[in-house]
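Here are my notes on how the chains of this model meet. They are written as numbered points, to be read with the structure open.

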4 protein chains.
Amino acid sequence: MSAPNCRGMRTGVWLIGSRGSVAATSIVGALAVRAGLAEPLGCVTELPALRGAALPALSDLVFGGHDVATIRLAKKVESLASAGVLPMPLVAAIGDELYAAEKEMRPAPSGRTQAETAARAGADMAEFRDRHALDHVVVVNVSTTEPPAVPHPAQADIDALRIALRGHDPVLPASSLYAYAAFTAGMSYVDFTPSTGARLPALVQLATQTASPYAGHDGKTGETLLKSVLAPMFAMRHLRVRSWSGINLLGGGDGANLAASAPNAAKTASKQRVLRETLGYEPEGRTRIDYVPEIGDFKTAWDLVTFNGFLGTAMRLEFTWHGCDSALAAPLVLDLARLTAAAHAAGRVGPLAPLAFFFKDPLGSVGHSLAAQWTDLCEFAAGLSGQAADVVGA
Amino acid sequence: MSAPNCRGMRTGVWLIGSRGSVAATSIVGALAVRAGLAEPLGCVTELPALRGAALPALSDLVFGGHDVATIRLAKKVESLASAGVLPMPLVAAIGDELYAAEKEMRPAPSGRTQAETAARAGADMAEFRDRHALDHVVVVNVSTTEPPAVPHPAQADIDALRIALRGHDPVLPASSLYAYAAFTAGMSYVDFTPSTGARLPALVQLATQTASPYAGHDGKTGETLLKSVLAPMFAMRHLRVRSWSGINLLGGGDGANLAASAPNAAKTASKQRVLRETLGYEPEGRTRIDYVPEIGDFKTAWDLVTFNGFLGTAMRLEFTWHGCDSALAAPLVLDLARLTAAAHAAGRVGPLAPLAFFFKDPLGSVGHSLAAQWTDLCEFAAGLSGQAADVVGA
Amino acid sequence: MSAPNCRGMRTGVWLIGSRGSVAATSIVGALAVRAGLAEPLGCVTELPALRGAALPALSDLVFGGHDVATIRLAKKVESLASAGVLPMPLVAAIGDELYAAEKEMRPAPSGRTQAETAARAGADMAEFRDRHALDHVVVVNVSTTEPPAVPHPAQADIDALRIALRGHDPVLPASSLYAYAAFTAGMSYVDFTPSTGARLPALVQLATQTASPYAGHDGKTGETLLKSVLAPMFAMRHLRVRSWSGINLLGGGDGANLAASAPNAAKTASKQRVLRETLGYEPEGRTRIDYVPEIGDFKTAWDLVTFNGFLGTAMRLEFTWHGCDSALAAPLVLDLARLTAAAHAAGRVGPLAPLAFFFKDPLGSVGHSLAAQWTDLCEFAAGLSGQAADVVGA
Amino acid sequence: MSAPNCRGMRTGVWLIGSRGSVAATSIVGALAVRAGLAEPLGCVTELPALRGAALPALSDLVFGGHDVATIRLAKKVESLASAGVLPMPLVAAIGDELYAAEKEMRPAPSGRTQAETAARAGADMAEFRDRHALDHVVVVNVSTTEPPAVPHPAQADIDALRIALRGHDPVLPASSLYAYAAFTAGMSYVDFTPSTGARLPALVQLATQTASPYAGHDGKTGETLLKSVLAPMFAMRHLRVRSWSGINLLGGGDGANLAASAPNAAKTASKQRVLRETLGYEPEGRTRIDYVPEIGDFKTAWDLVTFNGFLGTAMRLEFTWHGCDSALAAPLVLDLARLTAAAHAAGRVGPLAPLAFFFKDPLGSVGHSLAAQWTDLCEFAAGLSGQAADVVGA
């Protein structure tokens, strides 16, 4: 395959949940970095190892999106700045461009049937693409985590699905309906949340039909990021993990939702997968999520790991992670948009398993070691531009 | 090179510091595991990924050593059992074999010149080899950390060294004198401590002349093990580490020594190397070592890492590691003896850089990412038996 | 009131849950301390400030009790020794006396009506008293935490209660039925658990009629002990606590039960009371209890406190408590038995509010500052012997 | 003694180190609170228990001071606001009053002899008093910690001291010279640092001669505050503290100085005193101070406490304190100025031992339990106004 040059490829980033903290931080950050006001810290695609890849530049990205919320973007950004998540002076400097992004946001559509809702969503996305003469659009779901999907027979087959969507009963959860709209419009789809998204047989078929790549699930931004390096450490040293317990205290937008039992179950299941699959057994313990509004966007996660070493000696590791979820997630949203757009340009279709580096609950049957995922990512990026991988920096 | 079959190769493990905690735990553990009384937890060479390698078996190992201390091995083992480091019932079960090991221990030799001291040390080692008809002996330094070596011109050249050793002034620190004796006797040498050991030009020449392989330095058993997975995580995610500070509280034999300023400096320098070389810059902060006798062999290390992410957002990670140094070190001593003996059988000479996985301050210019070191180790082990590497388990 | 001399007053300690970890540790400890095999660490009544009080001596205590479990005491003690909760050599030394305690244990009685059950329980207690010619018996509930009690109209009045107990429907939870039996037999009652115990109007009337003192609820052994000194610190320094969140990981006998939702609710409510009443407002956050069998009797509790200081500056405190619940609770059980027996001898009747020092959820409207509770305790103990309080040691 | 009414008593607060973080935060905070822009969080004298005491109001305070540094106060305040120590909007609101405070600051005087230096310092203070028609001036040392004082025979007697100060050799450290100047001018003196200050026999004599009260030493703002509640907890529960080790990471102005060995020794000695005197024995371990510039004013302190309970069971407590030293110290500076001025008005002379609540290393032989110190403070404050103490709120 000849190497496409994606530099200069105008790329739309259509955010589902475009007025939330992650979306707002992604937009502000992209604007600030390309204006030279901030370094691209946290952006993996700006590391030496990946900088050579044929990706659209940060300045090639154009933002828009859907949201059920109606808060003005500037207002949201202001509240993030007050909370210390965004630097006040930087926010002041990009006011005009923020206003431009505001104009690209649309209310979450709602039709009489899900087919109609999807059609309206797709129309918004297509108009966005046409208005800006974009080469490609990547739809990225950064909205609030859904409860686990209610099964429906039509989820198994794209033809059955098309028919069922025209009825009055809901067939797809919102995240999947957006994936349906994106694929139908020939766009790519990234699910940064644990929601169902493209993970239904009917949607997998559709992505193949429309030659759309997709990636997911659930951005790896905190505790699971640590698990993805610590669990391999225990495995490589032949130490037996007896229990791994944790608690996440968070007060941001998603906190109230995640502390509710159903989405919490979805989230904590995806958090334990990395342990089970890395260690080859499932240690005792579980991860709790508690909503503490006063903590705001700076999440505190505490984990206790008990393990046995030589002759059964009992030992323990404790860690506290005090991270800002939005600041950790936002640069990865930009990375994923750039990588997925380049994958589309390079003719990749369907699940992008080599993007497992970014996710708690990656697509496909891949390893969970961050180092192995990094190697995969570097090779994938090099492959997009026809280069040999040059794994650097870790 | 044809693949040697090392199973059944009788291998001597000559421990410098043979009556200390690490040595005693290594011996007890090897005896217990081969008697089927304990699982080989903590032994990397017993993981599926390495189990196929052509290494001498645990039951092929025979133990002996030098020590300046005179405490009986059984007494030392008893005190470790009282402190919870060794399981009491297991100790009772291996009493007879422990007595056999006791008979192989010799007082640290002391001649009128260093040449004479080295000759006596070599004679002890050679008699051990001959008495047990060993195929090979690996000398492993697990004694107390020395202060940094005093430079001497004769350290630069093996011929000059041989002459200088016959004089009355000391030329080599003890760790290097044992390496000299080992190489002279055609044995391998492993330095599990931060002491100088084989790291002198004259000794590098000698190892080449006698076709001896060697490995080191400073077994990676706690805080640095964590650094070797956490620092790459920060690097791979493009997060900027601003400071990394830590304190080690330990009460075991080495604690009193390490808390003294000179060996402490040696140790903490080797602890920071992994950060500097992994991150490409040196964050603020340092690592302290404090001696707290009551804490005993269960070391507590606390680290605070402050870092910046997207748009400069300040975040932090704290961890507490509560590990038993002897229990973490002992299985690695067994791994290193087996791997080094097999390397010798396979004709490897000089520094064994692919054993960096085991060390804080590895030989050669190698990466510090534990995952990359693991890949190197698997390839090295596979190469010893002429197999293709099959990296598994992490 | 003239000062009774309680030294030499033979005192029965009748344990509800007598084969559990706390009971076994209390018995072993009392035997070991009076045999001079261990110091009375953790026993508050052995501090200089209280040593002068007119209390029965440790050697005046005789143990017996009820339990639904049938495990032999020696077996239970053995398992605690294996888990590191009790020192192995000490256990070996008191074997005979343990056997004597075993003979004083009775299965939890079960009659056709609760009146019959209570009568049998009372008969067991009375026989124990008579068999050993005891001056007084203190019944101490150390059994598993019950779910919150089901309300019943007869709980409000002792006469109605006596009638209702003769019916076939349950009227009282087990903890209250034992309190009923104890008071009826003229004995004292201590509730070391969060269960209902004597906290029902009918039982308060009964205690007055039979001149029985009682104490409770819920021994303060870990996280709440810390709250009782840290919350006053924040209050005295005019720092505003914004959130106080925590998690308890425990694997001991009570863990499985407490992690279940109903008793957990009882327990965590009693844990928050100290904050609300000390600070004068209720900060955000809650305390979770998770059952992790591998952690065993050594509970790990982690708490995060966020607070505001001068000009609203946001600050935080985190702590990890790694304590053995049985070892923390057992000496307090001995303290409470001695103090309650002395209170009875001094003619005290009804709730013993000055024993708040020992409890998470104390009787009466008392302060939660540990220091203030300590002063109350010292005055109470001095009052029992007619001395002026001499608050020392804190 | 009749109760003076201090409300409305115009009180000067002359800060030694008036351009440092603590001084600037104290001034900004006092201005903000009296302008109704902020609550008096952290001010102990604003708690209900002390609000009734006859103290000068916050609005009665006038600020001035000496400093060797020349940074403008507004500049210092701006840098504290950038670092998140002071709220930006509040700083903007009090610009004018800050300018007024700036005009009251004088460069640290330097004469040919220490007598001359002291005279100039006293003249600055007296002019400040006269210019504002102040009823009284309290001199508060918040400057950088000095190394331990060099002994000089003249420190033992005020007459000898007066003569020696006229010579060319230094006799007193700076903190003591300011105390000398303050006392000579009939002013009170508070030492918020571990420096020598008034702790010399000659100065004690002088304070008596001029009827000046004084207080100190070393404001209790972080780790020692915690020790003053946790150590009594261990003592009251008869738990034996085996080791107490800690590390303080701080990057603020005082950090660089404290990490140097001499002042560090002064500071850490004062930190251990509370343990030794509360527990009655000195546990193993020590407290380290490390300077990490990037950490700034938000200090992180980590402590590990190991302790033994019933039957010797080994347990542990760890805590991390993440506090802003300036924000913790500044309100106490205001409290101390108000209390000391009221003490002077009430005729108190010499060391004010009941202010131990505020200090790591209090004057006199007092207890270190924060709760007991709180009671002393309440009684002292009530005594100043002739009221009975009404200990509330803790």
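1. Strand β10(C) and strand β10 of chain D (residues 314–324) run antiparallel and are joined by seven bridges. One pairing to look up is C:W321, whose bridge partner in β10(D) is D:L317. The model is a predicted one, and every value below is computed from it.

2. The same surface is used by both copies, as 100% of the contact residues of chain C recur in chain D.

3. How many residues of chain C are in contact with chain D? The contact involves 65 residues of chain C and 65 residues of chain D. The area buried between these two chains is about 5300 Å², and carbon and sulfur atoms give 71% of it. On the side of chain C, the residues that lose the most area to chain D are C:M236, C:R237 and C:F310, which together make up 19% of what that side buries.

4. The polar side of the contact between chains C and D can be listed briefly. Two salt bridges are found across this interface. C:E39 forms a salt bridge with D:R240, with the closest N and O atoms 2.8 Å apart. Between chain C and chain D, 16 residue pairs are in polar contact.

5. Which elements of chain C each supply at least two residues of the side that touches chain D? They are the helices α1 (21–34), α10 (223–236), α13 (325–345) and α14 (370–384), together with the strands β9 and β10. β10(C) gives the most to this side, with eleven residues. By class, the side of chain C that touches chain D has 44 nonpolar, 14 polar and seven charged residues.

6. Chain C can also be laid on chain A, again by a turn of 180° and a shift of 0.0 Å along the axis, with an RMSD of 0.0 Å. For this axis, the nearest C-alpha in chain C is that of C:I247, 3.7 Å away. Here too the same surface serves both copies, with 100% of the contact residues of chain C recurring in chain A.

7. The contact between chains C and A takes 24 residues from each of the two chains. Together they bury about 2000 Å², 56% of it on carbon and sulfur atoms. In chain C, the greatest losses of area to chain A fall on C:R288, C:E294 and C:W302, which together account for 29% of what that side buries.

8. Four salt bridges are found across the interface of chain C and chain A. C:R242 forms a salt bridge with A:E294, and the closest N and O atoms are 3.4 Å apart. The count of residue pairs in polar contact between chain C and chain A is 14.

9. On the side of chain C that touches chain A, the strands β7 (240–250), β8 (287–291), β9 (298–308) and β10 (314–324) each supply at least two residues. The largest share, six residues, comes from β7(C). The residues of this side divide into eight nonpolar, eight polar and eight charged.

Key:
Residues are numbered from 1 along each chain as its sequence is written. Chains are lettered from A and ligands numbered from 1 in the order in which they are written. This is a predicted model: local features need pLDDT of at least 70, side-chain atom pairs count only at pLDDT 80 or more; totals for chains, interfaces and linings use all residues. Side-chain values use heavy atoms; hydrogens and water are left out. Contact means heavy atoms within 4.5 Å. Copies are superposed by least squares on the C-alpha atoms of residues with pLDDT of at least 70 in both. Buried area is the accessible area (1.4 Å probe) that two parts lose on being put together, summed over both. A salt bridge is a side-chain nitrogen of Lys or Arg within 4 Å of a carboxyl oxygen of Asp or Glu. A polar contact is a pair of N or O atoms within 3.5 Å; within protein, one must be able to donate a hydrogen and the other to accept it, and residues adjacent in sequence count only if both atoms are side-chain atoms. Helices (H or I, at least four residues) and strands (E, at least two) are DSSP runs, numbered from the N terminus. Ala, Val, Leu, Ile, Met, Phe, Trp, Tyr, Cys and Pro count as nonpolar, Asp, Glu, Lys and Arg as charged, and the others, Gly among them, as polar. Two strands pair if DSSP finds at least two bridges between them.
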